[in-house]
Amino acid sequence: MRIPQNIKRLLFGARLVARHYSLLPEKRNPSRRCILRIDGRIPNGGLCDRLRGIAGIYLHCKVNNHPFGVLFDHPFELQEILRPNRYDWRVTKDETGSSIWDVSVAVTYGGGKCCPSFRRRQTHVYNIGGGNLSAINASYGTDYSFGSLFHELFRPTDRLAERIEQARQPLKGRAYVAVCYRFMSLLGDFYEGDRPVLHGQARTRLMEQAAAALQRIRERHPEMPVLVTSDSGTFLESLAGVPDVVTIPGKVVHMDYTAGEQIETYMKSFTDLYLLSGGVKIYRMCGGGLYTSGFPNTAALMSGIPMEDIDITGDGTPSATSNTCC
């Protein structure tokens, strides 16, 4: 029997309270901010699930004129990669309460129906599965885009800005199209849960299909370079020397499965995200076992550019077009 989502939220919240909060009153009185916690206590998904979740909870607070903060310190400190732009979302652990007398705990799926009631005490939100801005906008009668909220909250640190500029240099200032492949563990690059790993002929066939689909996109846009991003270093290495194909060096990891890496490793995903968003169009490669990732969709929403799905097993006919979903 499937457990209703509202019951699952209550059970999840009860477990968080039992494990991480005190039943005794604190001597201090923490601020009344609504704080989204991305601190390793629950699975939060990949980078874009986290960013969309942040945008969703921020929108709840923005509409209700309630102070908002993000405690994002797992598996890295977000402040080392992104800094506040027009709204200061930074929170330290010293500012967070740890007693249920001072803190309301809320669990939400997809950043949709969030539980913060914006009481006088502090609220800790644990979000699972991204953020549905369409549903949140509908509930408030607003029309905020992910891109507007993202850029209100964030801008690159100097360190990330330097990485982005280095990655753009091979493009030589030209307009470009961007392509994103999400292989997960199919090519054996890294562990991602119980995802399958291909071997032998099946592995070779997938790489051939992926390369052929890229060639069809190059033929569509002969006047532009093509930026290719992927979670597979194996596939990116296979593109070395292909004319007008630009890749971004570095290791890619999934944030729910990989901790303890150097900050440069996590910065690679942000570099990819900003470079994808800077293209004139994004192609999300699907089919053949590839994961239909939200990563390129999030990049498209950051800058309002079109995104098109391409099935690598087909003839290049578009599978779908997405401009505004989030």
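Trainee: Is Lys172 buried or exposed?
Mentor: This is a predicted model, and the answer is a computed value. Exposed means over 50% relative accessible area. Lys172 reaches 71%, so Lys172 counts as exposed.

Trainee: Where is Lys172, and what is its phi?
Mentor: Lys172 lies in the loop between helix H5 (158–168) and strand E7 (177–181). Most residues other than glycine have a negative phi. Lys172 is not a glycine, yet its phi is positive, at about 55°.

Trainee: Asp244 also has a positive phi. How exposed is Asp244?
Mentor: Asp244 sits in the loop between helix H7 (233–238) and strand E9 (245–247). Its phi is about 60°, although Asp244 is not a glycine. The relative accessibility of Asp244 is 38%, so Asp244 counts as partly exposed.

Trainee: Is the peptide bond from His74 to Pro75 cis or trans?
Mentor: Pro75 is in the loop between strand E2 (68–72) and strand E3 (82–84). Most peptide bonds are trans. The bond from His74 to Pro75 has omega near 5°, and this bond is cis.

Trainee: Is H2 roughly parallel or roughly antiparallel to H3?
Mentor: Residues of H2, among them Ala55 and Leu59, meet residues of H3 that include Leu133 and Ile136. The axes of H2 and helix H3 (residues 133–140) come within 10 Å and cross at roughly 15°. Angles under 35 degrees count as roughly parallel. H2 is therefore, relative to H3, roughly parallel.

Trainee: How many bridges join E4 to strand E5?
Mentor: Strand E4 (residues 103–109) is mostly covered, with five of its seven residues buried. E4 and E5 (residues 122–128) run parallel, and the number of bridges joining them is seven.

Trainee: Which residues of E10 point the other way from Lys281, Tyr283 and Met285?
Mentor: In a regular strand the side chains alternate between the two faces of the sheet. All six residues of E10 (residues 281–286) are buried. Lys281, Tyr283 and Met285 point one way, and the other way point Ile282, Arg284 and Cys286.

Trainee: In E11, which residue is the bridge partner of Tyr283?
Mentor: E10 pairs with E7 in the parallel sense over four bridges, and Cys180 stands opposite Arg284. E10 and strand E11 (residues 307–311) also pair in the parallel sense, over five bridges. The partner of Tyr283 in E11 is Glu308.

Trainee: How far apart in space are Arg203 and Leu187?
Mentor: Arg203 is in helix H6 (residues 200–220). Beyond its neighbours within four places in sequence, Arg203 is in contact with Leu187, Leu198 and Thr234. Arg203 and Leu187 are 16 residues apart in sequence, and their C-alpha to C-alpha separation in space is 6.6 Å.

Definitions and conventions:
Residues are numbered from 1 along each chain as its sequence is written. This is a predicted model: local features need pLDDT of at least 70, side-chain atom pairs count only at pLDDT 80 or more; totals for chains, interfaces and linings use all residues. Side-chain values use heavy atoms; hydrogens and water are left out. Helices (H or I, at least four residues) and strands (E, at least two) are DSSP runs, numbered from the N terminus. Contact means heavy atoms within 4.5 Å. Buried means under 20% relative accessible area, exposed over 50%, partly exposed in between (1.4 Å probe, protein chains only). Two strands pair if DSSP finds at least two bridges between them. Axes are lines fitted to C-alpha atoms, for helices over the stretch in contact, and angles run from 0 to 180 degrees between N-to-C directions. Angles under 35 degrees count as roughly parallel, over 145 as roughly antiparallel, 65 to 115 as roughly perpendicular and the rest as oblique.
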